[in-house]
Amino acid sequence: MNNHRLRRLFSIALPLVLAGCGGPEGSVDLTGYSEIACTDQGISVSDLKLTPAQDFVQLRYFDSYKEDGQAPAPPLSLSSSGQPCATATDVPACETALENAIVTDGFHFGCQGKGGCTQSHFLVTTRGDEVKTYSTGVEVQRLLGVIDTEQEAVLKAFASSYSFLCGDKKQGAVKKNTDGSFNVIGTNGHACGPGTELTQHVLKVTGSGEVEELETRILEEGDSVCPAGQ
């Protein structure tokens with residue numbers, strides 16, 4: 001077989017081999033995307049244009065798992081914006097209600113720890129003397145109203161069970177489109193142990209809050225051994 005014919009066969013066969021290999025595919029093109037806004041604890045709830053306006057917005061994380069005879073741990077604040085109970089007529093009562101605000105179920109579940117899938121999130125707001133919680137995607141959408149800022153699009157995607165890693169655009173990025181919608185990059189899954197994978201998702205979030213998956217890629221595949229606790 002001459003060299004020319006060998007090169008021709010190789011050029012045909014190589015794409016077919018690669019197409020069947022699977023494995024990590026790398027990130028989508030990140031041109032035009034910005035990192036999502038974050039605090040030290042997680043995604044930020046700043047830059048939200050809410051109607052009616054709220055005095056205070058806070059994103060909380062909680063774990064409903066409890067040992068026998070013990071109460072669950074109190075919720076943890078991940079991010080907040082505004083002044084709690086700023087326009088309340090009874091500030092002490094408002095502050096007490098805010099401190100004690102809790103839900104039985106939340107959005108964006110986590111499945112680590114002793115209790116399995118017992119970790120989730122919720123939002124709490126104050127407006128005047130009113131303290132309200134938002135524990136479902138539908139309730140979050142009612143609070144956000146029209147999705148008209150980048151961070152509202154990120155929060156909507158988060159409430160739809162997509163995850164983000166702050167400081168890494170491959171796992172947390174957003175950009176506004178010319179039609180007023182937003183593209184958000186988030187992830188699902190994890191790469192720890194055989195058969196696992198971390199997937200990247202490109203989402204389109206419309207002004208009405210619809211979340212559409214545009215593209216999915218495998219960023220990482222799990223090793224054969226996963227360290228305990230991960």
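Trainee: On what basis are residues numbered and values counted?
Mentor: Residues are numbered from 1 along each chain as its sequence is written, and side-chain values use heavy atoms, with hydrogens and water left out. Because the model is predicted, local features need pLDDT of at least 70 and side-chain atom pairs count only at pLDDT 80 or more, while totals for chains, interfaces and linings use all residues.

Trainee: Which residue in strand 8 is the bridge partner of valine 174?
Mentor: Strand 7 (residues 173–176) and strand 8 (residues 182–189) run antiparallel and are joined by four bridges. In strand 8, the partner of valine 174 is valine 184.

Trainee: Which residue forms a salt bridge with lysine 204?
Mentor: A salt bridge requires a side-chain nitrogen of Lys or Arg within 4 Å of a carboxyl oxygen of Asp or Glu. The closest N and O atoms of the pair are 3.5 Å apart. The pair links distant parts of the chain, 25 residues apart, with lysine 204 in strand 9 and its partner in the loop between strand 7 and strand 8. The partner is aspartate 179.

Trainee: Why does aspartate 168 count as buried?
Mentor: Buried means under 20% relative accessible area, exposed over 50%, and partly exposed in between (1.4 Å probe, protein chains only). Aspartate 168 forms a salt bridge with lysine 170, at 3.2 Å between the closest N and O atoms. Lysine 170 is partly exposed because its relative accessibility is 36%. Aspartate 168 counts as buried because its value is 17%.

Trainee: Which side chain of opposite charge is nearest to aspartate 55?
Mentor: For charge, Lys and Arg count as positive and Asp and Glu as negative; His and the chain ends are not counted. Aspartate 55 lies in the loop between strand 1 (34–35) and strand 2 (56–63). Aspartate 55 is buried yet has no salt bridge. At 6.8 Å, the nearest side chain of opposite charge is arginine 127.

How values were computed: Helices (H or I, at least four residues) and strands (E, at least two) are DSSP runs, numbered from the N terminus. Two strands pair if DSSP finds at least two bridges between them.
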